[in-house]
Amino acid sequence: IWRDGSISPENYALYQSRFKNGTISESFPHYETYEERAKHPTSLVYLGSTIKSLSILVGLNEGLFTTNSTFQDTGVFQFGRDGSKIHNSDGVAYGRITPYSALVRSSNTFMASQIGNQLYMRSGSEGLDIWDEYMEQFGLGTLTGSGLPGESRGLKDYYQLQSAGSAQAALVFAAWGQMGKYTTLQLAQYAATIASKGKRMRPQFVQEIQDFRGETVRKISPEVLNEVELNNEQWWDFVHEAMAQVWLKDVTPIEMATGKKPDQYAYTIASKTGTSTQQVYGGDTVDNAVFIAFAPVENPKLAVAVVVPEGGFGAWGAGPIAAKIFESYATH
C-alpha cells in the first residue's frame, strides 16, 4: 500500500494501530470507533503474577519472612477498615504454605498479606518508595536503556492513591501484580535480571558495525546498567528453583502447543505465569495473558517475555508462545 509513495486515508486509519511499537510503548488495537476501542486493553497491561518472583525477593530482603516461614492460606485475605478482600484464583485455599510453595502455586493471599500488607504495617506510606526502588532496580517503571525512540517508562499505578484507595491498598495489590503496567521489553529485561542474579543489562540490537570491506569498525560490548545486591545470594537460587517448578507444573498448555511435556526440553526452563485483570470502558473486566521465563536455569542464555492483551490465563494464552520460542531456540 506504500508502493506509490503515499497511503490513502482509509489505509492510514486501518493500519494506524500498527505504527507504534507495542513492545516498547502503548499501542492501541484497531477498532472502527473510539467507544469500541476503549473496550479493549492496549499493549500496556498489568504484569499480573509475573511480579511474584520479585515480590518474594522483596519480602526476603526486607526481612518480612524467611525461606522457612509458613503461612495459612485460606484462599482469602482481608485488610483495611472496610474489610477489603483479596482472593486466590478461583478462590482456592492452599492451606499451610511456605514462600517457595506460595511462588509455585501463585498465591495471591500470601503476596498480599506477607509482603504488601507487612511492608505497609512496618513502613507506612514510605513502603511505596521502598517498593518502587526495587521495581526500578529490576527495570520496571524506568527506561530499559535501549535508546529506542518513544520508549515508555510504564505506569506506576501504586502511586495513584486516589484510585487505589490508600497506600496500604496500593501495596497489597502491587504485591500480586495489579498496580504496575509495563512494556514487554521491560518484562524481558526484568526476567533477564532475575536470571543473571541481579545484573540489569542494557538491551542491545547490534553486535558489531562493519565497513564496506567487512572489517569491524566497532564492537558493541555488553553493558550492565545496575546490579541488585541481596542480603543473601542464595535467595536467587531459591527463586530460580521455584520458577523451574512453575514451568514443570503447566503441562497441558505446553504439550498442546509443542507436542512436548515441559520436562522433555533440551534444557531446564524457569518461568512465571501471570493473568492480569483490568476494567475497560463500560465496566467490563478482561484478562490479559502474561509470561516471563529464562533458560537454561544453570547458566541462562535466553530470557523471554510474552504479553497477549485479552489472552486469558497466562499459562494458556502466553505460555505456549514462550514454549514455541524455546523450541525454536533449541532447534536453530
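1. Strand 12 supplies four residues, the largest share of the lining of the largest pocket. In this predicted model, local features need pLDDT of at least 70 and side-chain atom pairs count only at pLDDT 80 or more, whereas totals for chains, interfaces and linings use all residues. Residues are numbered from 1 along each chain as its sequence is written, and side-chain values use heavy atoms, with hydrogens and water left out. Helices (H or I, at least four residues) and strands (E, at least two) are DSSP runs, numbered from the N terminus.

2. The volume of the largest pocket is about 710 Å³. Of its 29 lining residues, Ser49, Ser89, Ser106, Thr275 and Phe313 are the closest to its centre. A pocket is an open set of points on a 1 Å grid over the protein atoms alone where a 1.4 Å probe fits, with protein on both sides within 12 Å along at least five of seven lines; lining residues have an atom within 4 Å of a point. The volume is the space filled by probe spheres set on the points.

3. By class, the lining of the largest pocket has nine nonpolar, 13 polar and seven charged residues. Here Ala, Val, Leu, Ile, Met, Phe, Trp, Tyr, Cys and Pro count as nonpolar, Asp, Glu, Lys and Arg as charged, and the others, Gly among them, as polar.

4. The second largest pocket holds about 370 Å³ of space. Its lining comprises 14 residues, with Ala188, Ala192, Met201, Lys301 and Ala303 nearest its centre. Helix 9 (184-195) and strand 14 (302-308) each give two or more residues to this lining; helix 9 gives the most, with five. The lining divides into nine nonpolar, three polar and two charged residues.

5. There are 14 aromatic pairs in the structure. Rings of Phe, Tyr and Trp (its six-membered ring) pair if their centres lie within 6.5 Å; planes under 30 degrees apart count as stacked, over 60 as edge-to-face and the rest as tilted. Phe71 and Phe110 are edge-to-face, because their ring centres are 5.6 Å apart and their planes at 80 degrees. Phe71 lies in strand 2 (residues 71-73) and Phe110 in helix 5 (residues 108-123), so this pair ties together parts 39 residues apart in sequence.

6. Trp247 is one of the buried residues of helix 10.

Technical notes
Buried means under 20% relative accessible area, exposed over 50%, partly exposed in between (1.4 Å probe, protein chains only).
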